[in-house]
Amino acid sequence: MSKIEEVKANVEKGKTKLVPGLVQEALDEGSSAMDILQAMIEAMGVVGDKFSSGILFVPEMLIAAKAMSLGVNVLRPHLEGGAAASLGTCVIGTVKGDLHDIGKNLVSMMVGSAGFNMVDLGVDVPAEKFIQAVKDHKDVKIVACSGLLSTTMPAMRETLAAIKASGLSGFKVMVGGAPVTPEFAFEIGADAYAADAGSAAVKAKELALSL
Amino acid sequence: MLTKRQNLMETIKGGKPDRFVNQYEFMEIIMEAPLRTRPKPGETITNEWGITYSWPKDQLGAFPVHDEAHLLLKDITRWRETVKAPSVEFSDERWAPAVAHADAVDRNDKFVTVFFASGTFEMTHMLMGMEAAMMNLYEEPEYMHELIDFLTDYEMRYAEQIIRRIKPDALFHHDDWGGQIASFMSPDMFAEFFLEPYKKMYGFWKQNGIELIVHHSDSYAANLVPHMIDMGIDIWQGVMTTNNTPEMIKQYGSKISFMGEIDSGVVDCRDWKPEIIAEHVQKACTGCGKHYFIPCLTQGLNLSSFPGVYEATSRAIEEMSKKLF
């Protein structure tokens with residue numbers, strides 16, 4: 001097994017103590033930082049797929065993401081401009097009136113692991129704050145809106161309407177959360193719906209590459 | 001006509017119930033029992049454990065505050081220095097309303113029921129935040145085992161007190177073990193950390209006169225049902241439709257009963273309609289049948305977020321009893 005393959009395998013397994021050393025060894029052996037990063041992104045893709053399929057659970061996903069994050073820290077000085085993200089920026093938040101953050105945090109972590117620079121606005125985020133974040137950050141490709149309560153679905157609808165009415169462009173909007181269905185996402189004008197954190201990462205990548 | 005208690009027992013033993021058990025009707029929950037401080041809408045409080053909860057007025061419930069300033073347990077390796085269990089000793093005066101309530105219950109009709117929340121898993125993430133609680137299962141398993149044992153011991157000491165005071169017949173115990181479509185952790189990991197502590201704890205309640213253990217987890221948790229049976233749960237309350245309850249009843253019905261199948265997130269909304277509730281109730285009752293099943297909102301108490309929903313659900317269940325019994 002090559003060192004890069006070892007990095008990949010150990011990110012998948014969430015070996016937080018091993019991954020930084022393996023990344024350093026891969027660099028020492030002459031592997032490029034971008035190749036190592038790509039291997040880790042692929043590993044997180046596998047983790048996301050297994051999570052969506054019910055093979056892996058939240059702890060495995062979190063620990064794999066942490067392993068990758070520690071690996072990226074070793075890589076960062078070797079990446080151009082110190083940036084690990086290559087797919088652009090994703091602005092994420094839980095919509096106004098909703099304070100749930102666990103699902104949003106998982107999505108943020110997985111989308112970040114797929115190669116996005118994350119701007120996490122937190123919870124109870126009014127539409128204007130999403131719009132301002134798009135204006136304030138370079139290269140925004142995705143806006144992701146989360147909501148756990150059926151009572152905050154109207155806020156999600158209003159958020160999407162406000163984003164569309166802002167006239168801003170160059171990005172796609174995706175939505176998710178327990179009460180959200182693909183039908184509702186379509187109805188309110190979202191570009192995509194994701195059922196869980198793993199599929200959110202896949203969908204975000206697809207959307208960004210489609211721009 | 002059977003009493004509510006008799007009808008419940010006939011239902012969960014596969015006997016001859018004469019109607020559907022109607023939601024929480026068989027439990028008289030003694031909410032006056034002293035346990036811990038809870039915020040009211042609009043309040044932010046720090047409870048006896050040192051956990052800060054906030055209940056914004058426009059929200060349906062309280063949330064733990066886990067920002068840097070309020071998170072209680074920031075380093076699991078130092079939990080012994082940080083986590084101090086509150087006293088389980090309360091004065092006679094504090095117990096008096098609970099004792100009076102329990103004394104007034106006709107135990108032939110209803111189970112005098114203890115309410116206990118938050119359960120051991122929830123406590124771990126209330127103390128340190130969900131991400132840390134999950135990752136520490138991998139990174140610091142020994143400390144997590146220690147903390148879980150400590151929380152288990154606390155609950156058993158509380159159980160001792162309340163059993164002595166009100167001699168309850170049933171326990172209604174909250175611990176959410178999953179989200180809408182998956183359990184938070186794998187069955188193996190759940191078994192490694194939570195099965196034995198729960199067996200010990202639920203065993204203790206049962207050895208001390210509790211006849212019925214009702215466990216609330218309004219989530220998917222079908223993959224954990226074998227462990228639920230093993231730890232002594234009689235009724236899993238909060239079972240969501242994502243679990244395929246009819247199939248679970250076929251597979252496990254003689255060992256555990258299922259209470260729920262009417263998803264609160266779907267029917268308990270601002271613009272609720274009785275006919276929509278009736279549709280969900282009908283689907284639940286016809287799909288799950290008369291044994292090992294209690295039609296109920298998945299909400300973790302005998303109430304609804306929006307006024308009238310709980311009562312409309314009860315009326316729809318009564319109608320289904322008339323049709324199917």
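**Note on a predicted two-chain model**

1. Strand β7 (residues 212-216) of chain B is largely enclosed by the rest of the structure, because five of its five residues are buried. The model is a predicted one. In a regular strand the side chains alternate between the two faces of the sheet. In β7(B), Leu212(B), Val214(B) and His216(B) point one way, while Ile213(B) and His215(B) point the other way. The residues on both sides are buried.

2. One partner of β7(B) is strand β6 (residues 170-174) of chain B, and the two run parallel, joined by five bridges. Within this pairing, His173(B) has His215(B) of β7(B) as its bridge partner.

3. Which sheet do these strands belong to? β6 and β7 are part of an open sheet of seven strands in chain B, ordered β1-β5-β6-β7-β8-β9-β10, with parallel pairing. The edges are taken by β1 (27-29) and β10 (293-297) of chain B; each has a single partner strand, so one side of each has no neighbour in the sheet. From one strand to the next, the twist averages 25°.

4. Ile262(B) is placed opposite Leu297(B) of β10(B). Helix α9 (residues 245-252) of chain B lies across β8 (235-239), β9 and β10 of that chain. The direction of α9(B) is at about 175° to β9(B).

5. Chain B also has an open sheet of three strands, in the order β2-β3-β4, and here the pairing is antiparallel. β2 (44-46) and β4 (63-64) of chain B are the edge strands; each has a single partner strand, so one side of each is left without a neighbour in the sheet. Strand β3 (residues 52-54) of chain B is joined to β4(B) by two bridges. Ser54(B) has Phe63(B) in β4(B) as its bridge partner.

6. How do the two chains meet? Contacts between them involve 22 residues of chain B and 18 residues of chain A. On the side of chain B that touches chain A, helix α5 (residues 130-139) of chain B gives the most, with seven residues. By class, that side of chain B has 13 nonpolar, five polar and four charged residues.

7. Is α5(B) mostly covered or mostly open? Mostly covered: eight of its ten residues are buried. These are Met130(B), Glu131(B), Ala132(B), Ala133(B), Met134(B), Met135(B), Asn136(B) and Leu137(B). The cover over these buried residues comes from both chains, and includes α4 and α5 of chain A as well as α4 (120-128), α6 (141-166) and α7 (187-207) of chain B.

8. The two helices of chain A named in that cover also pack on each other. The axes of α4 (residues 58-75) and α5 (residues 102-113) of chain A come within 10 Å and cross at roughly 45°. That angle is why α4(A) counts as oblique to α5(A). The crossing in which α4(A) passes α5(A) is left-handed. On the α4(A) side the contact uses Val58(A), Met61(A), Ala65(A) and Met68(A); on the α5(A) side it uses Leu106(A), Met109(A), Met110(A) and Ser113(A). Seven of the residues in this contact are nonpolar, one is polar and none is charged.

9. α4(A) packs with helix α1 (residues 3-12) of chain A too, at an angle of about 140° and with the axes 7 Å apart. This makes α1(A) oblique to α4(A). Val7(A), Asn10(A), Val11(A) and Glu12(A) of α1(A) make the contact with Ala64(A), Ala67(A), Met68(A) and Gly71(A) of α4(A). This contact has five nonpolar, two polar and one charged residues. Met68(A) takes part in the contact with α1(A) and in the contact with α5(A).

10. A last point concerns one residue of chain A. Val140(A) lies in strand β3 (residues 140-146) of that chain. Val140(A) counts as buried because 21 other C-beta atoms lie within 10 Å, and the cut-off is 20 or more. Leaving aside residues up to four places away in sequence, Val140(A) touches Gly88(A), Thr89(A), Val91(A), Val134(A) and Phe171(A). The C-alpha atom of Val140(A) is separated by 9.4 Å from that of Ser169(A), 29 residues apart along the chain.

Terms used: Residues are numbered from 1 along each chain as its sequence is written. Chains are lettered from A and ligands numbered from 1 in the order in which they are written. This is a predicted model: local features need pLDDT of at least 70, side-chain atom pairs count only at pLDDT 80 or more; totals for chains, interfaces and linings use all residues. Axes are lines fitted to C-alpha atoms, for helices over the stretch in contact, and angles run from 0 to 180 degrees between N-to-C directions. Helices (H or I, at least four residues) and strands (E, at least two) are DSSP runs, numbered from the N terminus. Angles under 35 degrees count as roughly parallel, over 145 as roughly antiparallel, 65 to 115 as roughly perpendicular and the rest as oblique. A crossing is left-handed if the near helix is turned anticlockwise from the far one by less than a right angle, and right-handed if clockwise. Two residues are in contact if their C-beta atoms, placed from the backbone, lie within 7 Å. Ala, Val, Leu, Ile, Met, Phe, Trp, Tyr, Cys and Pro count as nonpolar, Asp, Glu, Lys and Arg as charged, and the others, Gly among them, as polar. Two strands pair if DSSP finds at least two bridges between them. A residue is buried if 20 or more other C-beta atoms lie within 10 Å of its own, exposed if 12 or fewer, and partly exposed in between; C-beta atoms are placed from the backbone.
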